[in-house]
There are 2 protein chains.
Amino acid sequence: MLIPQTAYICEVGPRDGLQNEKKILDIDTKVKLINDVVAAGIKIVEIGSFVHPKAVPQLADTDEVAKRIRRSPDVEYRALVSNVRGVERAIAAGVTKVKLTVSASESHNKKNWNRSTQQVIHDFDDCIRLAAENRIEVSGAISTAFGCPFEGAIAVQQVVEIIKAFEKIGIREISLSDTTGMAYPRQVYEMAVTVQQLFPQNEWWLHLHNTRGLALANIMAGLQAGIIRFDASFAGLGGCPFAPGASGNVATEDVVHMLELMGVKTGVDLDKIIGVANVVTQQVEHQTESFILKAGKSKTLQ
Amino acid sequence: MLIPQTAYICEVGPRDGLQNEKKILDIDTKVKLINDVVAAGIKIVEIGSFVHPKAVPQLADTDEVAKRIRRSPDVEYRALVSNVRGVERAIAAGVTKVKLTVSASESHNKKNWNRSTQQVIHDFDDCIRLAAENRIEVSGAISTAFGCPFEGAIAVQQVVEIIKAFEKIGIREISLSDTTGMAYPRQVYEMAVTVQQLFPQNEWWLHLHNTRGLALANIMAGLQAGIIRFDASFAGLGGCPFAPGASGNVATEDVVHMLELMGVKTGVDLDKIIGVANVVTQQVEHQTESFILKAGKSKTLQ
């Protein structure tokens with residue numbers, strides 16, 4: 001079984017993980033969690049989002065979080081934005097990379113943006129210009145890339161069209177996102193092979209949810225297709241709004257545990273990241289669907 | 001991604017699933033569950049075990065269950081046995097295949113049997129003879145084949161020695177069992193390739209637990225190595241005694257769901273098997289770690 005020897009984890013817990021949590025964490029707690037995942041070896045962190053405060057109250061203080069975190073020169077601190085105002089806030093907060101999201105599904109996109117996918121990407125143009133002027137990098141994310149809770153299957157061609165539109169506005173780092181946990185291994189493998197062949201200069205991320213138990217199998221499929229970048233969330237925080245009570249983001253500690261068992265280097269200290277995940281569940285005051293928090297790491301690794 | 005187009009599921013819920021459940025189900029309920037999984041398309045069912053009633057009170061009535069189930073001529077009804085007395089009960093109950101289990105780990109084996117692995121297999125000889133005289137087939141299972149909660153890693157060679165010992169007494173159908181959820185995809189793939197190369201005439205099963213979230217990824221690895229037979233338990237029943245609260249057996253509906261998404265034929269009706277799993281959770285009076293029971297099947301399949 002041929003898989004890459006190194007993989008990169010983007011810790012999305014402070015953004016995608018926390019955004020639907022009822023309990024609002026204070027700024028100090030968020031800052032400490034971000035500092036702690038970095039201390040555990042994470043090199044890429046999504047620290048929050050610069051969207052309208054009313055849209056995501058939990059992340060209304062991302063400006064302040066961004067200013068207070070301890071900055072490591074070899075760590076990338078990203079934030080989600082959706083318009084020019086978000087880019088302005090990112091500039092003011094000293095964030096060096098922003099992420100723009102569009103949905104592969106027209107129905108899902110319409111619900112979130114009230115515009116077509118191509119229009120959404122076209123409207124990103126102002127964000128790109130402002131970011132470029134301020135030397136801020138821009139990455140893209142394609143949600144519902146592996147299936148839509150309204151439309152069902154999403155054709156690879158739909159995803160390809162969005163990647164082309166992103167390319168036109170200069171975005172070459174793209175996260176393929178399984179927003180509601182509909183991806184399955186063969187699909188992930190085939191999508192990964194296709195997009196790498198069509199856009200060999202792009203940088204790819206997989207953002208996988210464990211809603212139907214397939215996230216780790218999908219990561220394996222991605223690895224086998226040569227993908228080496230994966231989003232994950234501490235303690236598996238971030239449920240699925242379409243399936244209340246079901247698992248959401250794949251847990252960072254579950255991913256690192258699997259990769260470490262297979263000798264794939266992530267640079268992340270498993271014990272330390274388990275420690276952070278434990279603190280997270282205390283802070284949000286509920287258990288999560290993390291496997292390693294319940295079962296502990298395999299004896300093979302002890 | 002090359003995987004087989006057909007796979008077989010052995011429903012182990014009535015045995016491995018129920019055996020640790022506190023609430024003792026009555027005979028009628030067990031009979032109905034077995035009849036219902038068969039009606040959903042399952043062709044191989046582990047209906048119970050003929051071990052000492054005090055060892056597993058939940059399964060003390062397997063004799064009666066075996067007599068009352070509706071028999072389909074194309075379905076295999078198996079039971080676990082551990083000695084000649086068990087084989088005698090299997091004969092009396094009209095069970096056509098029995099399963100003998102040994103552990104790959106000496107420590108785990110010692111704890112369960114108080115004998116060495118080789119001695120345990122040697123002592124199976126009387127069971128084999130009695131079964132053969134009564135035209136009952138015998139299969140073998142190797143527990144902790146992918147890791148032991150006491151010893152940690154298990155060398156492939158240890159497993160190979162047990163397969164050889166099984167071969168000597170005429171057992172060629174073997175289930176490789178990840179008793180406490182320590183298996184990981186690359187290991188499963190390599191083990192599957194090795195045993196198939198060394199023992200090309202054997203028939204292989206994988207018995208995987210989802211303790212650390214890897215069961216479906218491990219099934220994918222097995223499929224990629226050409227394994228087509230998998231144990232699974234309705235609703236994911238059957239926790240891990242070494243990690244209370246953690247997931248146990250991979251859920252039948254989660255496996256069938258994944259395989260159906262990829263076009264792998266199992267002959268099992270997904271909706272019907274979800275229906276059985278729902279009844280199971282009502283009967284045992286608690287929720288389980290089944291993904292599909294919580295999230296529902298993917299929109300792609302609707």
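## A strand on the inside

Strand S7 (residues 203-208) of chain B is largely enclosed by the rest of the structure, because 5 of its 6 residues are buried. Here a residue is buried if 20 or more other C-beta atoms lie within 10 Å of its own, exposed if 12 or fewer, and partly exposed in between, with C-beta atoms placed from the backbone. Helices (H or I, at least four residues) and strands (E, at least two) are DSSP runs, numbered from the N terminus.

Before going further, note that this is a predicted model: local features need pLDDT of at least 70, side-chain atom pairs count only at pLDDT 80 or more, and totals for chains, interfaces and linings use all residues. Residues are numbered from 1 along each chain as its sequence is written, while chains are lettered from A and ligands numbered from 1 in the order in which they are written.

Which strand pairs with S7(B) over 6 bridges? Strand S6 (residues 173-178) of chain B does, in the parallel sense; two strands pair if DSSP finds at least two bridges between them. In this pairing, Ser177(B) stands opposite His207(B).

## The barrel

In chain A, 8 strands form a closed barrel with parallel pairing, in the order S1-S2-S3-S4-S5-S6-S7-S8. From one strand to the next, the twist averages 30 degrees. One of the pairs joins strand S4 (residues 97-103) and strand S5 (residues 137-143) of chain A, parallel over 7 bridges. There, Lys97(A) stands opposite Glu137(A) in S5(A).

Helix H10 (residues 215-224) of chain A packs on the sheet and touches strand S7 (203-208) and strand S8 (229-232) of chain A. Its direction makes about 165 degrees with that of S7(A). Axes are lines fitted to C-alpha atoms, for helices over the stretch in contact, and angles run from 0 to 180 degrees between N-to-C directions.

## Two helices side by side

How do helix H8 (residues 156-168) and helix H9 (residues 185-198) of chain A cross? Their axes come within 11 Å and cross at roughly 35 degrees. Val156(A), Val159(A), Val160(A) and Ile163(A) in H8(A) meet Met191(A), Thr194(A), Val195(A) and Leu198(A) in H9(A); two residues are in contact if their C-beta atoms, placed from the backbone, lie within 7 Å. These residues divide into 7 nonpolar, 1 polar and no charged. Ala, Val, Leu, Ile, Met, Phe, Trp, Tyr, Cys and Pro count as nonpolar, Asp, Glu, Lys and Arg as charged, and the others, Gly among them, as polar.

The contact takes 38 residues from chain B and 38 residues from chain A. On the side of chain B that touches chain A, the residues divide into 21 nonpolar, 12 polar and 5 charged.

Most residues other than glycine have a negative phi. Arg135(A), however, has a positive phi near 55 degrees, and Ala235(B) has a positive one near 65 degrees. Is each of them buried or exposed? Arg135(A) counts as exposed, with 8 C-beta neighbours inside 10 Å, whereas Ala235(B) has 30 and counts as buried.
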